[in-house]
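Me: I have a model open and would like to learn how to read its features one at a time. Could you walk me through it?

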Amino acid sequence: MTYAVIGTGAIGGYYGARLAQSGQQVHFLLHSDYDYVKEHGLQVDSCNGSFHLDKPFVYNDTKQMPKADVVLVCLKSINNHKLTTLLPPLLHEQSLVVLIQNGIGVEEDVQAMFPDVQLAAGLAFICSAKTEPGRVNHQCYGQINLAGYSCRDEALLQQVCADFNAAGVKAGLVEYHEARWKKAVWNMPFNGMTVALHTQTDMLLRHPATRQLIRQQMMEVIGAAQHLGVKNIDESFADLMISMTDEMTPYSPSMRLDYDFHRHMELHYLYARPIEIAAAAGFPMPRLEMLMHELQFLESASLS
């Protein structure tokens with residue numbers, strides 16, 4: 001199959017490069033480091049084995065790219081308005097668009113832009129960063145779960161999953177709402193708290209007070225999900241996420257990096273939207289709503 005990657009950063013760079021290394025035809029859209037990668041290639045420094053793509057297919061305009069069977073959208077969700085111009089040149093009638101993005105509600109809004117396009121969610125469990133041109137630093141984990149949202153071709157989704165597994169990326173198919181809310185159990189506490197307290201994941205769990213607060217925030221997400229009828233999510237999942245993070249390399253999540261580099265943070269889909277959805281169903285999320293307001297203040301100060 002032909003793949004296109006929109007957003008060749010820490011996530012798109014890693015997953016796209018793994019697929020390309022395994023022999024898939026992958027076309028990468030780049031922005032700031034297009035010239036560098038075109039000349040020098042793409043380097044992946046990975047805990048699972050580092051490698052280099054000498055001559056990847058790279059572009060700085062989707063109009064120059066071939067149509068793709070699968071488009072991996074790895075942009076930050078704050079840039080989704082750009083999809084109205086970025087996506088159409090890449091699509092044929094049966095293309096599948098996989099949104100490897102954080103938050104709740106992204107598929108609904110992208111579907112409104114493209115009513116007839118097949119969409120799926122990509123839920124990445126990975127510690128990866130890209131802080132210099134043409135180099136992805138994959139620190140640990142790397143699994144991706146795929147969940148159909150409006151995919152009419154189940155076999156296509158299964159093939160994408162098989163391609164990831166063949167590329168050395170553990171992948172599985174999951175139910176959409178369960179997948180999105182389970183990802184939020186980790187994302188909502190850790191992304192925001194590393195910004196608010198200017199720290200990394202390990203320090204949040206090392207101190208008893210913040211460890212307790214992280215768990216309380218996780219239980220708010222789990223409570224909201226259960227109130228909305230999401231299955232297979234309970235207190236044991238919070239314990240699992242904390243245990244996994246205890247074993248993780250000390251990590252600055254994407255929101256912390258965005259804040260440090262004075263960029264807009266993904267506050268809408270990571271906080272405002274799920275809090276709004278839960279409130280409409282009668283479930284308040286006071287701890288996470290307070291964290292959202294703190295982040296809004298910090299972002300305003302950072303960007304001013």
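Predicted model: local features only at pLDDT ≥ 70, side-chain atom pairs only at ≥ 80, totals over all residues.

Me: Which residues does Glu-107 touch, not counting residues up to four places away in sequence?

Reply: A contact here means heavy atoms within 4.5 Å. By that criterion Glu-107 touches Leu-99, Leu-119, Ala-120, Ala-121, Tyr-149, Tyr-176 and Arg-180, leaving out residues up to four places away in sequence. Arg-180 also makes a polar contact with Glu-107, side chain to side chain, at 2.5 Å.

Me: Is Glu-107 buried or exposed?

Reply: Relative accessible area decides this, and under 20% counts as buried. Glu-107 has 0% relative accessibility, so it counts as buried. Its place is in helix α4.

Me: Which residues of helix α4 are buried, and how do I read their arrangement around the axis?

Reply: In α4, which runs over residues 106–113, Val-106, Glu-107, Val-110 and Gln-111 are buried. These buried residues fall within an arc of 125 degrees seen down the axis of α4, so they line one face of the helix. The elements that cover them include α3 (83–86), β7 (96–99), β8 (118–132), α6 and α11 (267–280).

Me: What does the same reading give for α9, and which of its residues are buried?

Reply: Here you can start with the length. The 13 residues of helix α9 (residues 235–247) should span 18 Å at 1.5 Å a residue, and the end C-alpha atoms are 19 Å apart, which agrees. The buried residues of α9 are Phe-237, Ala-238, Met-241, Ile-242 and Thr-245. They cover an arc of only 140 degrees around the axis, which puts them on the same side of α9. As for their partners, the buried residues of α9 pack against α6 (176–196), α7 (201–206) and α8 (208–227).

Me: How many aromatic pairs does a search of the whole structure find, and how do I read one?

Reply: The search finds four aromatic pairs. To read one, take the distance between the ring centres and the angle between the planes; planes over 60 degrees apart count as edge-to-face. The rings of Tyr-14 and Tyr-15 have centres 5.5 Å apart and planes at 65 degrees, so this pair is edge-to-face. The rings of Tyr-15 and Phe-164 have centres 5.7 Å apart and planes at 80 degrees, so that pair is edge-to-face too.

Me: Where in the chain do Tyr-15 and Phe-164 sit?

Reply: Sequence separation is worth checking for any pair. Tyr-15 is in helix α1 (residues 10–21) and Phe-164 in helix α5 (residues 154–166), 149 residues apart, and the pair links distant parts of the chain. Together, Tyr-14, Tyr-15 and Phe-164 form one aromatic cluster. Tyr-14 is buried, with a relative accessible area of 1%, Tyr-15 is buried at 0%, and Phe-164 is buried as well.

Me: Which residue lies over the face of Phe-125?

Reply: For this feature, follow a charged side chain to a ring centre. Lys-183 lies over the face of Phe-125, at 5.7 Å from the ring centre.

Me: Which side chain is joined to that of Ser-252 by a polar contact?

Reply: Read the location, then the burial, then the partners. Ser-252 is in the loop between α9 and α10 (254–260). With 15% relative accessibility, Ser-252 counts as buried. A polar contact of 3.1 Å joins its side chain to that of Gln-200. Leaving out residues up to four places away in sequence, Ser-252 touches Gln-200 and Leu-257.

Me: Which residues other than glycine have a positive phi?

Reply: The background is that most residues other than glycine have a negative phi. Tyr-141, one of the cases here, has a positive phi of about 55 degrees. Tyr-141 is in strand β9 (residues 135–148), and at 29% relative accessibility it counts as partly exposed. Another case is Asn-232, with a positive phi near 60 degrees. Asn-232 is in the loop between α8 and α9 and, at 60% relative accessibility, counts as exposed.

Me: How far apart in space are Lys-63 and Leu-90?

Reply: Compare the separation in sequence with the separation in space. Lys-63 and Leu-90 are 27 residues apart in sequence and 7.7 Å apart in space, C-alpha to C-alpha. Lys-63 lies in the loop between β5 (57–59) and β6 (70–73), and it is exposed, with a relative accessible area of 60%.

Conventions. Residues numbered from 1 in each chain as written. Heavy atoms only, no water. Phe/Tyr/Trp six-rings, centres within 6.5 Å; stacked < 30°, edge-to-face > 60°. Buried < 20%, exposed > 50% of the residue type's maximum accessible area, 1.4 Å probe, protein only. Helix = DSSP H or I, 4+ residues; strand = E, 2+ residues; numbered from the N terminus. Lys NZ or Arg CZ within 6 Å of the ring centre and 35° of its normal. Expected span 1.5 Å × (residues − 1). Arc of directions from axis to C-beta. Polar contact = N/O pair within 3.5 Å; in protein donor to acceptor, adjacent residues only side chain to side chain.
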